[in-house]
Amino acid sequence: MNREYHQWFSPHLNRTMELLVLGTSGTRVLVFPARMGRFYDYEDWGLSEVLKPHLCNGELQLFCVDSIDGESLYNFWADPPHRIRRHVAYEQYVLKEVLPFSEKKNPNSSLISHGCSLGAFHAVNIAFRHPQLFDKVIAFSGRYDLSVPVAEFSSLFGDYYDEEIYFNTPSHFLYNLQDDYWLEHLRQMEIVLTCGNEDPFLENNRAFSQLLWQKRICHSYYEWQGRAHKPHYWRQMIGVYLQALLC
């Protein structure tokens, strides 16, 4: 299986960023790591091994990006406005550096956004903010509102709230979205969401799924037994749902 390591200095983040490319052709898959994760986690956790047949036969090509969660959403040394601005800069890095890089390596126009845990938030957030760019989004064990506390997980912004947080909280900006152009793009995407039925974010997922139906955005939502918030479960999920979407 083709495996490529790449790094370059990002002008949008003012730092060197790394990523891993797996496969040679086919549908491009933008893979976000879990909370505070690294670009090599998807491979280390065995998820790419599940997809190996698709990677080797040219159906899929993974672009596994690094995170900067410790500098942005989870950088509690910085104030909330700085954290959300750093997150927005990260999105610009992905949109204006990673995606053009992927297009040069692979001209296939199909693009999937994918991630687990906080990576699921990143995957859904970028795909819902820019639905004209993505054909599918596959999100496992996500949390789609970082502004409110859930169980042992605190709000990432405390009592602070601004326009940037609003437009980077899918369950917030989607609720008020009325623009037919953007809604039609969202309705054309294939969307898969999963969550464990004992996951702290279960109610957040159910509410988000309900909101999608209210907006007439068709999607698949699955609940797994238990908390289902570990690589062991994500390996099973990717084998079931991503391969099903390729059929």
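**Exercise 1.** State the volume of the second largest pocket and classify its lining.

Solution. The second largest pocket has a volume of about 160 Å³. A pocket is an open set of points on a 1 Å grid over the protein atoms alone, where a 1.4 Å probe fits, with protein on both sides within 12 Å along at least five of seven lines; lining residues have an atom within 4 Å of a point. The volume is the space filled by probe spheres set on the points, which are joined across faces, edges and corners. Phe128, Arg129, Tyr166, Phe167, Phe173, Asn176, Leu177 and Trp182 form the lining, which divides into 6 nonpolar, 1 polar and 1 charged residues.

The model is predicted: local features need pLDDT of at least 70, side-chain atom pairs count only at pLDDT 80 or more, and totals for chains, interfaces and linings use all residues. Residues are numbered from 1 along each chain as its sequence is written, and side-chain values use heavy atoms, without hydrogens and water.

**Exercise 2.** Which residues does Leu174 touch, leaving aside those up to four places away in sequence?

Solution. With contact taken as heavy atoms within 4.5 Å, Leu174 touches Phe128, Leu186, Phe208, Leu211, Leu212, Lys215 and Ile217.

**Exercise 3.** How many disulfides are there?

Solution. A disulfide requires a pair of cysteine sulfur atoms within 2.5 Å. The count is 0. For Cys195, the nearest cysteine sulfur, that of Cys116, lies 12 Å away.

Methods
Nonpolar A, V, L, I, M, F, W, Y, C, P; charged D, E, K, R; others polar.
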